[in-house]
Amino acid sequence: MTANILDGKAVAAKQRQKSAVRAAEFKAKFGRAPGLAVVKVGEDPASAVYVRNKRKACEECGIESFAHDLPATTSREALLSLIKMLNADDRVDGILLQLPLPKGLDSTEIMDTIDPAKDVDGFHPTNTGLLAQKRPGLRPCTPWGVIKLAEEYQLDLVGLRACVVGASNIVGRPMALELLLARSTVTVCHTGTKDLKAEVQRADLVVAAVGKAAYIPGDWIRDGAIVMDVGINRGADGKLCGDVEFAGASQRAAWITPVPGGVGPMTIAMLLSNTVDAALVREQRARAK
Ligand code: NAD
């Protein structure tokens, strides 16, 4: 079997177009564009690229982006006070705090300070809790992007034996909650898992979010499985690659995401979608007062 490619780039472009239409409608109705504040602290080169891409994506979509580039020496108090200021700013519908933060700043404390109604990354405990309770609000962009990608290709996730490899707060855990919501039968693997190979081998759907280049050998993948590879790593050859060994896996899977061009572009697309959603909800709430 040679797998069909889940083309995240194409699906993300479609999603972005939808958000652009919704952003234009929002502007026509409320007299302002949806607004996203992008906060970057320090000079991490990868973060600088991510932030630049997010700001460019906002511009293309008709979302106003507010740049806050702070030096690595920024104090906890200064960062908390910026977040509080953005929480109170009516032009700002979404607040994105680019991670990682420089050493000495506690990202959990800072992220918990973001107003859940502006938490377009979907990392706030309130939004995670809502997802856990089957009533999602703003949903974590990467896991939600995986679900949207499956939806776009009309892959029925109901009843699938899903194996999520990785249990971080930003990918693995919310991914498991999304798949539960989609009515898959979910197993979550992590560093405490005793037999990762056996778990992957029996999965109809593998979502890999480990952060280790080609860590999951292709021959672990069950024939006809769906492989969603969230990992973004540099391989030994210096090229970007995922957590799953692509060449081998694509001989066995029915569907697979490439890296790059799979889940990655979906993450930014869902961030834009969340920002428009947040803007609409905020305006509706303001009018209901
Ligand atoms: P993380 O380091 O926070 O979490 C990794 C998880 O993998 C942990 O839960 C850990 O328990 C688990 N793990 C590590 N080694 C393992 C092993 N041997 N067996 C089983 N589980 C193991 O990473 P993260 O932030 O969740 O990101 C994971 C990957 O996804 C990274 O490559 C990251 O760059 C990528 N990522 C991509 C996107 C995107 O848009 N595509 C978004 C976020 C993260």
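**Cavities, ligand shell and cysteines**

The second largest cavity is lined by K40, V41, G42, E43, D44, S47, Q98 and P100, where a cavity is a set of points on a 1 Å grid over the protein atoms alone at which a 1.4 Å probe fits but cannot get out, and lining residues have an atom within 4 Å of a point. This is a predicted model, in which local features need pLDDT of at least 70 and side-chain atom pairs count only at pLDDT 80 or more, while totals for chains, interfaces and linings use all residues. Residues are numbered from 1 along each chain as its sequence is written, and side-chain values use heavy atoms, with hydrogens and water left out.

**Cavities**

- Across the whole structure, the search returns two cavities of 30 Å³ or more, the volume being the space filled by probe spheres set on the grid points.
- The largest cavity holds about 50 Å³ of space, and its lining is formed by I95, L97, M111, I114, D119, D121, F123 and H124.
- By class, that lining of the largest cavity comprises five nonpolar residues, one polar and two charged, with Gly counted as polar, Cys and Tyr as nonpolar, and Asp, Glu, Lys and Arg as charged.
- The second largest cavity has a volume of about 30 Å³, and its lining consists of two nonpolar, three polar and three charged residues.

**Ligand surroundings**

- Among the polar contacts (N or O pairs within 3.5 Å), an oxygen atom of the ligand lies 2.5 Å from an N or O atom in the side chain of S168.
- Polar backbone atoms also take part, with a ligand oxygen 3.2 Å from one in T191 and a ligand oxygen 3.1 Å from one in I232.
- On its own the ligand has 860 Å² of accessible area, and the protein covers 73% of it, as computed by the Shrake-Rupley method with a 1.4 Å probe.

**Cysteines**

- The count of disulfides (pairs of cysteine sulfur atoms within 2.5 Å) comes to zero.
- C141 is in no disulfide, and the nearest cysteine sulfur, that of C58, is 11 Å away.
- C141 counts as buried because its relative accessibility is 4%, the cut-off for buried being under 20% relative accessible area (1.4 Å probe, protein chains only).
- The sulfur of C163 has its closest cysteine sulfur in C189, at 3.7 Å, which is too far for a bond.
- C163 likewise counts as buried, at 1% relative accessibility.

Technical notes: A polar contact is a pair of N or O atoms within 3.5 Å; within protein, one must be able to donate a hydrogen and the other to accept it, and residues adjacent in sequence count only if both atoms are side-chain atoms. Buried means under 20% relative accessible area, exposed over 50%, partly exposed in between (1.4 Å probe, protein chains only). On a 1 Å grid over the protein atoms alone, a cavity is a set of points where a 1.4 Å probe fits but cannot get out, and a pocket is an open set with protein on both sides within 12 Å along at least five of seven lines; lining residues have an atom within 4 Å of a point.
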